[in-house]
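Let's walk through this one together, a question at a time. Have a look at the fold before we start.

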Amino acid sequence: LHHEWVSTKAPRIRAPVKLRYLENMRQFGTFNLLKKATLKIMAAQLDEEYTKPLVDTFMWLDGSGEGTISAAEVREGLVKSGHDEQVIPTDLEDVVRHIDAAGRGEL
């Protein structure tokens with residue numbers, strides 16, 4: 001997949017990272033622990049047809065393959081998806097930190 005022909009001729013695949021995802025993340029960060037836990041349990045029960053687009057987007061954003069994404073990877077993904085740097089929220093790191101359960105600044 002790293003062949004010159006693939007990198008120059010093949011169409012670029014862009015994951016649909018939408019700014020509304022960040023607004024949803026920001027809102028989730030404001031919820032109390034009980035509401036967060038309830039939503040996580042509900043999300044775990046959803047069929048794959050509902051979660052696959054978000055899982056695919058997460059995997060696309062996880063450039064390192066570690067199973068976590070940082071605010072920098074989210075920012076990079078937004079830029080790759082065609083968003084201008086000016087429309088990316090300046091508080092992106094804070095948003096990620098507020099929804100990070102482990103406190104590492106990663107999702």
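Helices here are DSSP runs of H or I with at least four residues, numbered from the N terminus. One thing to keep in mind: this is a predicted model.

Q: Which helix does Lys36 lie in?
A: Helices get their numbers from the N terminus on. Helix H3 covers residues 33–44. Lys36 lies in helix H3.

Q: Is Lys36 buried or exposed?
A: The cut-off for buried is under 20% relative accessible area. Lys36 comes in at 13%. Leaving out residues up to four places away in sequence, Lys36 touches Phe28, Gly29, Phe31 and His98. With that relative accessible area, Lys36 is buried.

Q: What's the overall make-up of the protein, counted in helices and strands?
A: Reading from the N terminus on, the elements go α-α-α-α-α-α. That gives 0 strands, and the helix count is 6.

Q: How many residues are in the protein, and what percentage of them is buried?
A: The surface first: the protein exposes about 8,000 Å², and carbon and sulfur atoms supply 58% of that. As for contacts between residues at least 6 apart in sequence, 56% join residues at least 24 apart. There are 107 residues in the protein, and the buried ones make up 27%.

Q: Is Leu39 buried, exposed or partly exposed?
A: Leu39 is found in helix H3, and it touches Phe28 and Phe31, not counting residues up to four places away in sequence. Buried needs under 20% and exposed needs over 50%. Leu39 has a relative accessible area of 32%, so it is partly exposed.

Q: How far apart in space are Leu39 and Phe28, C-alpha to C-alpha?
A: Along the sequence, Leu39 and Phe28 are 11 residues apart. The two residues do touch. Their C-alpha to C-alpha distance is 9.2 Å.

Q: What is the relative accessible area of Met25?
A: Met25 has its place in helix H2, and it is one of the core residues that touch the most other members. Leaving aside residues up to four places away in sequence, it touches Val95, Val96, Ile99 and Leu107. Met25 is buried, because its relative accessible area is 17%.

Q: What distance separates the C-alpha atoms of Met25 and Leu92?
A: Met25 sits in H2, and Leu92 is one of the H6 residues that make the contact with H2. The pair is 67 residues apart along the chain. Their C-alpha atoms are separated by 9.8 Å.

Q: Is the crossing of H2 and H6 left-handed or right-handed?
A: Two packed helices are described by the angle between their axes and the distance between the axes. For H2 and H6 the angle is about 50 degrees, with the axes 8 Å apart, and that makes H2 oblique to H6. The contact is made by Leu22, Met25, Arg26, Phe28 and Gly29 of H2 and Leu92, Val95, Val96, His98 and Ile99 of H6. The crossing of H2 and H6 is left-handed.

Q: Why do H5 and H6 get their orientation label, and what is it?
A: H5 and H6 pack at an angle of about 125 degrees, with their axes 9 Å apart. On the H5 side the contact is made by Ala71, Val74 and Arg75, and on the H6 side by Leu92, Glu93 and Val96. Their crossing is right-handed. Angles over 145 degrees count as roughly antiparallel and 65 to 115 as roughly perpendicular, so H5 and H6 are oblique.

Q: Is Ala72 buried or exposed?
A: Ala72 has its place in helix H5. Exposed means over 50%, and Ala72 has a relative accessible area of 52%, so it is exposed.

Note on methods:
Residues are numbered from 1 along each chain as its sequence is written. This is a predicted model: local features need pLDDT of at least 70, side-chain atom pairs count only at pLDDT 80 or more; totals for chains, interfaces and linings use all residues. Side-chain values use heavy atoms; hydrogens and water are left out. Helices (H or I, at least four residues) and strands (E, at least two) are DSSP runs, numbered from the N terminus. Buried means under 20% relative accessible area, exposed over 50%, partly exposed in between (1.4 Å probe, protein chains only). Contact means heavy atoms within 4.5 Å. Accessible areas come from the Shrake-Rupley method with a 1.4 Å probe; for residues, only the protein chains shown count as cover. A nonpolar core is a set of buried Ala, Val, Leu, Ile, Met, Phe, Trp, Tyr and Cys residues joined through side-chain atoms within 4.5 Å. Axes are lines fitted to C-alpha atoms, for helices over the stretch in contact, and angles run from 0 to 180 degrees between N-to-C directions. Angles under 35 degrees count as roughly parallel, over 145 as roughly antiparallel, 65 to 115 as roughly perpendicular and the rest as oblique. A crossing is left-handed if the near helix is turned anticlockwise from the far one by less than a right angle, and right-handed if clockwise.
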